[in-house]
Amino acid sequence: AEEVEDASEPTKRDRSHLESTLKLNEDKPADDFSGVLQRLRKIYHSSIKPLEQSYRYNELRQHEITDGEITSKPMVLFLGPWSVGKSSMINYLLGLDDTPYQLYTGAEPTTSEFTVIMHGPKLKTIEGIVMAADSARSFSPLEKFGQNFLEKLIGIEVPHKLLERVTFVDTPGIIENRKQQERGYPFNDVCQWFIDRADLIFVVFDPTKLDVGLELEMLFRQLKGRESQIRIILNKADSLATQELMRVYGALFWSLAPLINVTEPPRVYVSSFWPQEYHPDTHKDLFLKEEISLLEDLNQVIENRMENKIAFIRQHAIRVRIHALLVDRYLQTYKDKMTFFSDGELVFRDIVEDPDKFFIFKSILAKTNVSKFDLPNREAYKDFFGINPITSFKLLSQQCSYMGGCFLEKIEKAITRELPDLLGSIGLGKKPNVLSCDITGCGETPKNRYRKP
């Protein structure tokens with residue numbers, strides 16, 4: 001009888017490669033970056049936030065940076081169709097299987113909430129309303145999506161060593177035949193909020209769900225510009241014979257090719273991410289190597305967390321600076337065109353409708369070190385000025401004080417000197433004073449040039 005029971009029990013896979021690759025057994029304390037984070041917070045509040053608030057950047061981009069976000073751990077986001085193994089993968093990475101807090105999994109659509117798995121002293125669930133109310137966490141901005149959404153947000157605290165260094169976010173699976181209105185909250189907007197803040201984005205597929213519908217198409221549109229963070233995962237690969245697996249792999253690329261319009265395709269990992277042993281007569285060695293590669297990728301993001309954080313704040317500062325220069329240019333053009341007999345509303349409408357006639361965007365490129373690829377959409381400024389009258393802003397030349405200096409000079413100093421110097425101070429072996437506009441191009445969207453090889 002005992003032998004029969006053992007035979008029916010599926011054998012569990014060895015987890016030693018997980019612990020060694022993610023360095024879970026190392027007793028050395030995690031690097032203390034509290035001093036660097038304090039300086040980063042000070043640079044943001046003194047050099048970036050004043051200009052951001054003065055020109056209401058948050059109303060253009062809907063992206064407000066809180067102290068909780070500056071100090072938060074790297075975030076790994078799991079996206080993809082329903083029932084492809086996203087929750088099973090998180091259970092596997094954290095060893096939650098057969099514990100009271102394992103994420104519920106099944107063949108039907110199971111995850112209806114956005115689930116945030118983070119570190120805590122003991123196993124505990126936290127309601128979304130509580131998470132949003134806690135300003136120390138980085139999730140307080142989620143309140144803007146309404147109470148219906150907060151009811152679909154849940155936090156789980158787990159005392160796991162990996163979660164001391166990273167946070168996982170599991171999302172509801174994409175169901176192509178369901179309209180977003182049926183969810184009761186703006187699903188795509190919430191996804192965008194998490195995408196903007198994720199350090200690594202796992203888009204998970206399985207061999208049975210390769211079709212791309214409108215919902216998935218919309219998701220990849222939202223991922224545009226974040227290609228370096230995306231990793232495609234073809235899960236449940238050991239359920240197929242070799243020939244079938246090759247066909248499915250080709251079909252996956254065929255489906256995704258129109259959606260990922262970049263010269264270098266994202267990395268695709270082929271394996272089965274769950275605790276059960278691989279099916280016999282499948283490519284076990286290949287799947288194990290793929291899994292270890294994915295874990296190394298995850299570990300790299302964890303180790304580069306401070307460099308990525310500083311690069312993220314610098315990228316935000318560049319966008320704020322460009323926005324301020326554009327608003328200043330719109331305002332200066334408005335003042336130049338206004339005469340004693342002019343109708344202010346008509347004059348400004350003419351400027352907003354056709355900014356190219358007044359060389360607003362071209363003048364920014366000519367005068368300052370700004371990349372044309374970083375300029376915001378012209379249409380966005382129609383909406384922006386519809387809410388914020390042009391007369392409610394001051395010119396950049398008037399945003400100076402004797403004690404505090406000029407807002408523009410302070411943000412340029414942060415972009416060209418203070419943030420690169422901060423990178424130099426965390427032991428990257430680079431000379432911080434070399435990172436000037438001449439080398440980095442202050443107006444270009446900063447890729448993470450400081451990522452360790």
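This is a predicted model: local features need pLDDT of at least 70, side-chain atom pairs count only at pLDDT 80 or more; totals for chains, interfaces and linings use all residues.
Figure 1. Two polar neighbours of the His 17 side chain are shown. The side chain of Glu 291 makes a polar contact of 2.5 Å with that of His 17. On the backbone side, the oxygen of Asp 14 is 3.4 Å from a polar atom of the His 17 side chain. Leaving aside residues up to four places away in sequence, His 17 touches Tyr 92, Leu 288, Glu 291, Ile 292 and Leu 295.

**Figure 2. Helix H12, residues 284-303.** The end C-alpha atoms of H12 are 28 Å apart, and this agrees with the 28 Å that its 20 residues should span at 1.5 Å a residue. The buried residues of H12 include Phe 287, Glu 290, Glu 291, Leu 294 and Leu 295. Further along the helix, Asp 297, Leu 298, Asn 299, Gln 300, Val 301 and Ile 302 are also buried. Two of the buried residues, Glu 291 and Leu 295, are also among the residues that His 17 touches. An α-helix has 3.6 residues a turn, so residues three or four places apart point the same way.

**Figure 3. Burial of helix H9.** Of the 11 residues of H9, 8 are buried, so the helix is largely enclosed by the rest of the structure. The buried residues are Phe 187, Asn 188, Val 190, Cys 191, Trp 193, Phe 194, Ile 195 and Arg 197.

**Figure 4. Packing of helix H9 against helix H10.** Two packed helices are described by the angle between their axes and the distance between the axes. Here the axes of H9 (residues 187-197) and H10 (residues 214-222) come within 10 Å and cross at roughly 35°. The crossing of H9 with H10 is right-handed. H9 contributes Asn 188, Asp 189, Cys 191, Gln 192 and Ile 195 to the contact, and H10 contributes Met 218, Leu 219 and Gln 222. Sorted by class, the residues in this contact are 4 nonpolar, 3 polar and 1 charged. Asn 188, Cys 191 and Ile 195 of H9 are in the contact and are also listed as buried.

**Figure 5. Positive phi at Ser 83 and Phe 359.** Most residues other than glycine have a negative phi, and most peptide bonds are trans. Ser 83 is not a glycine, yet its phi is positive, at about 55°. Ser 83 sits in the loop that links strand S1 (75-79) and helix H6 (86-94), and at 16% relative accessibility it counts as buried. Phe 359, likewise not a glycine, has a positive phi of about 55°. The loop that holds Phe 359 runs between helix H14 (344-353) and helix H15 (360-367).

**Figure 6. Glu 418 in helix H17.** Helix H17 spans residues 407-424 and contains Glu 418. Glu 418 touches Ile 43, Ser 47 and Lys 413, with residues up to four places away in sequence not counted. Between Glu 418 and Arg 314 the C-alpha distance is 9.7 Å, while the two are 104 residues apart in sequence. For the chain, residues 24 or more positions apart account for 79% of the contacts with a separation of 6 or more. The chain has 18 helices and 10 strands, and buried residues make up 49% of its 453 residues.

Key:
Residues are numbered from 1 along each chain as its sequence is written. Side-chain values use heavy atoms; hydrogens and water are left out. Axes are lines fitted to C-alpha atoms, for helices over the stretch in contact, and angles run from 0 to 180 degrees between N-to-C directions. Helices (H or I, at least four residues) and strands (E, at least two) are DSSP runs, numbered from the N terminus. A crossing is left-handed if the near helix is turned anticlockwise from the far one by less than a right angle, and right-handed if clockwise. Contact means heavy atoms within 4.5 Å. Ala, Val, Leu, Ile, Met, Phe, Trp, Tyr, Cys and Pro count as nonpolar, Asp, Glu, Lys and Arg as charged, and the others, Gly among them, as polar. The expected span of a helix is 1.5 Å times one less than its number of residues. Buried means under 20% relative accessible area, exposed over 50%, partly exposed in between (1.4 Å probe, protein chains only). A polar contact is a pair of N or O atoms within 3.5 Å; within protein, one must be able to donate a hydrogen and the other to accept it, and residues adjacent in sequence count only if both atoms are side-chain atoms.
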